[in-house]
Structures are given as structure tokens and as C-alpha cells.
Amino acid sequence: MARGTPALVAWLAVVTVVLIVVFAVIVWGAGIIAFGLVGDHLWLAYLLLAIAGGADVISAVFRGTILQDSVTDDLRGRLTGIHFLVVAGGPKLGYLEAGVV
């Protein structure tokens, strides 16, 4: 086995995970946009929301995996807390902004 092979395999694994997250986010965005444009076709709206929800779950799982895998043990709890704060608190700030406007 060549010297750089383990590093190449690790790099490809990271790139693959990042590409999956990017693809899932694109699918989520496309599903939400299409949901907004679907009109009065309720069955299609449900289908698009299901697709967007599935893509969101895939993105969340892989983002959690990236966080758990790339952070050292001594910082994992702190960064997990910050991640949770952003995921749970971000929409609340959006609600506040929408209420003010």
C-alpha cells in the first residue's frame, strides 16, 4: 500500500460526507421552493414537504456525525451545546423578526 493511501481515503470520506450534506440542503431548499409554488394541489404539497423533511433529517444526521467525529473529547460537549443553541434558537430569532415586521 502506498504511503498516502490512508490519508487519501480519509480525505475522500470527508469530502463525501460534505457533499452529502450539501446535496441534502439543496434538496431541502428545492422542496420548500417547490412547495411554495405548487398552488392548490394538496397531494403534491404533502409530497414536497415529505421530501424536504427527509432531506432535512439526512442533513441533520450527517452534520451531527461531522460534529461528533471531528471535535476532540474535551470540546465536544461545548460545541454540541453551541450547535443545539443555533439549531433550536435560530428559528426563534426568525419568529421574533417576523413578529416585529
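How many nonpolar, polar and charged residues are in the lining of the largest pocket? The legend to View 1 has the count.

This is a predicted model, so to speak a computed one: local features need pLDDT of at least 70, side-chain atom pairs count only at pLDDT 80 or more, and totals for chains, interfaces and linings use all residues. Residues are numbered from 1 along each chain as its sequence is written, and side-chain values use heavy atoms, with hydrogens and water left out.

**View 1. The largest pocket and its lining.** By class, the lining has 5 nonpolar, 2 polar and 1 charged residues (Ala, Val, Leu, Ile, Met, Phe, Trp, Tyr, Cys and Pro count as nonpolar, Asp, Glu, Lys and Arg as charged, and the others, Gly among them, as polar). The residues to look for are Ala 13, Val 14, Val 17, Val 18, Thr 65, Ile 66, Asp 69 and Ser 70. The volume comes to about 170 Å³, taken as the space filled by probe spheres set on grid points joined across faces, edges and corners. A pocket here is an open set of points on a 1 Å grid over the protein atoms alone, where a 1.4 Å probe fits, with protein on both sides within 12 Å along at least five of seven lines; lining residues have an atom within 4 Å of a point.

**View 2. The salt bridge between Asp 73 and Arg 76.** Asp 73 is exposed at 65% relative accessible area, while Arg 76 is partly exposed at 22% (buried is under 20%, exposed over 50%, partly exposed in between, with a 1.4 Å probe and protein chains only).

**View 3. Helix 3 and its bend at Gly 89.** The bend is about 35°, and Pro 91 follows within four residues; the angle is between axes fitted to the seven residues ending there and the seven starting there. None of the 28 residues of helix 3 counts as buried. Arg 78, also in this helix, is exposed at 59%.

Conventions: Helix = DSSP H or I, 4+ residues; strand = E, 2+ residues; numbered from the N terminus. Salt bridge = Lys/Arg side-chain N within 4 Å of Asp/Glu carboxyl O.
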